Amino acid sequence: MSMLPYLRAAVRPALRRSIPVLPGYDTTRDPSASSAVVDCAVYRDGRRALGSACLTPREAMARVREDGGFAWIGLHEPTEAEFAGIAATFGLHPLAVEDAVHAHQRPKLERYDDTLFTVFKTIHYVEHAELTATSEVVETGEVMCFTGPDFVITVRHGGQGSLRSLRHRLQDDPELLAKGPSAVLHSIADHVVDGYIAVAAAVQDDIDEVESAVFAAPAKGGARGGDAGRIYQLKREVLEFKRAVSPLLRPMELLSERPMRLVDPDIQKYFRDVADHLARVHEQVIGFDELLNSILQANLAQATVAQNEDMRKITSWAAIIAVPTMICGVYGMNFEHMPELHWRYGYPVVMAAIAASCFTIHRALRRHGWL
């Protein structure tokens with residue numbers, strides 16, 4: 001875990017180069033311009049205003065204040081310096097700005113004056129040919145959303161969870177987009193929760209695979225309990241999933257139930273649907289955690305039973321071998337006066353007695369299920 005900041009520092013320039021900046025976008029024209037901006041547009045009556053593709057955030061806000069509508073600025077992993085000009089332009093609260101710049105925030109909803117600050121955890125399922133004890137199952141990212149009366153600012157962290165397709169989908173639905181910034185907030189929440197549903201289905205397949213492997217009959221000579229590493233790794237990934245889902249329940253309840261001036265009443269109805277989907281995913285994740293606990297306990301119980309069976313077999317054979325060991329030990333003491341020491345049939349009689357004793361003990365142990 002201690003290497004993650006260094007890895008992010010190394011990978012971040014490459015990610016930044018892979019995200020196209022708007023054509024003609026000049027990052028030196030004013031303090032609000034930033035290389036972290038991946039899209040900046042003005043929307044009026046549900047449609048993207050013509051000529052807004054090359055605007056800086058300050059110019060976009062000035063056009064909104066002059067002609068109406070709202071601005072939607074999208075950023076990817078901005079630094080404090082890159083975000084400072086935008087924060088000053090839109091009057092964002094310093095605490096919210098600090099949270100937006102530094103990732104690893106819990107999902108939450110906070111209100112600062114006339115701005116709602118919402119944090120979402122995005123979840124991406126990592127494809128793998130085979131689940132191992134070191135497999136990464138889910139990858140997390142973050143989307144922070146500043147929602148004001150006439151602007152939306154989205155800040156994304158992580159290589160997954162791009163909002164480009166979401167923006168295009170909203171632009172194809174001008175009736176919804178005409179509801180203003182709260183429509184964008186709802187679409188982001190719905191997009192994130194839909195991602196949870198897809199990941200939950202994929203994780204369910206992994207759990208089914210592990211469950212089948214644990215309760216399947218072991219191959220001949222195979223050992224029980226070898227799946228503990230895979231189960232524990234999957235449980236850790238489910239816990240990461242749970243950390244993204246559980247804290248978001250309360251914000252979705254507030255957005256769907258409590259009237260807010262910044263949320264259109266018609267859009268609030270849509271938040272109820274998102275809250276219902278989120279509650280369903282939360283129940284699934286809780287069920288995953290409990291099921292993995294049961295599978296892990298069953299796996300450990302199987303390993304314990306296998307060890308007990310091995311110990312019973314070892315003990316049984318030790319009891320059988322003890323008989324000839326005892327007899328041989330007696331006759332190996334080399335005393336001069338021992339019974340049947342010089343008898344012609346003494347050796348075969350002793351061997352027959354050893355064989356009979358071992359056979360009797362073996363049969364008795366086998367009858368009681370020890371062998």
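Which residues in α10 meet which residues in α11? In the predicted model, Ser-316, Trp-317, Ala-319, Ile-320, Val-323, Pro-324, Ile-327, Cys-328 and Tyr-331 of α10 are in contact with Val-350, Ile-354, Ser-357, Cys-358, Ile-361, His-362 and Leu-365 of α11. Sorted by class, the residues of this contact comprise 13 nonpolar and 3 polar ones, with no charged residue among them. The axes of α10 and of helix α11, the latter spanning residues 346-367, come within 9 Å and cross at roughly 160°, and the two helices are therefore roughly antiparallel to each other. The crossing of α10 and α11 is right-handed.

The setting of this helix pair is a protein chain with 11 helices and 7 strands. Of the 371 residues of the chain, 43% count as buried, and the accessible surface comes to about 20,000 Å², of which carbon and sulfur atoms contribute 56%. Among the contacts in the chain with a separation of 6 or more, 66% are accounted for by residues 24 or more positions apart.

Helix α10, which covers residues 265-331, also holds Asp-289. Is this residue buried or exposed? Asp-289 has a relative accessible area of 17% and is therefore classed as buried, the cut-off being under 20%. When residues up to four places away in sequence are not counted, Asp-289 touches Lys-235, Val-238 and Lys-242.

Met-252 counts as buried because its relative accessibility is 0%. With neighbours within four places in sequence left aside, Met-252 is in contact with Phe-120, Ala-189, Phe-271, Val-274, Ala-275 and Leu-278. From C-alpha to C-alpha, Met-252 and His-186 are 9.8 Å apart in space, while 66 residues separate the two in sequence.

The crossing of α2 and α3 is right-handed. On the α2 side, Pro-57, Arg-58 and Met-61 take part, and these meet Ile-86, Thr-89 and Phe-90 in α3; by class, this contact has 4 nonpolar, 1 polar and 1 charged residues.

The contact is made by Glu-80, Phe-83 and Ala-87 of α3 together with Val-97, Ala-100 and Val-101 of α4, and divides by class into 5 nonpolar residues, no polar residue and 1 charged residue. An α-helix has 3.6 residues a turn, so residues three or four places apart point the same way.

Which residues of α3 are buried? Within this helix, Glu-82, Phe-83, Gly-85, Ile-86, Ala-87 and Phe-90 are buried. Of these, Phe-83 and Ala-87 take part in the contact with α4, whereas Ile-86 and Phe-90 take part in the contact with α2. Just after α3, Gly-91 adopts a positive phi of about 65°.

Definitions and conventions. Residues are numbered from 1 along each chain as its sequence is written. This is a predicted model: local features need pLDDT of at least 70, side-chain atom pairs count only at pLDDT 80 or more; totals for chains, interfaces and linings use all residues. Side-chain values use heavy atoms; hydrogens and water are left out. Contact means heavy atoms within 4.5 Å. Helices (H or I, at least four residues) and strands (E, at least two) are DSSP runs, numbered from the N terminus. Ala, Val, Leu, Ile, Met, Phe, Trp, Tyr, Cys and Pro count as nonpolar, Asp, Glu, Lys and Arg as charged, and the others, Gly among them, as polar. Buried means under 20% relative accessible area, exposed over 50%, partly exposed in between (1.4 Å probe, protein chains only). Accessible areas come from the Shrake-Rupley method with a 1.4 Å probe; for residues, only the protein chains shown count as cover. A crossing is left-handed if the near helix is turned anticlockwise from the far one by less than a right angle, and right-handed if clockwise. Axes are lines fitted to C-alpha atoms, for helices over the stretch in contact, and angles run from 0 to 180 degrees between N-to-C directions. Angles under 35 degrees count as roughly parallel, over 145 as roughly antiparallel, 65 to 115 as roughly perpendicular and the rest as oblique.
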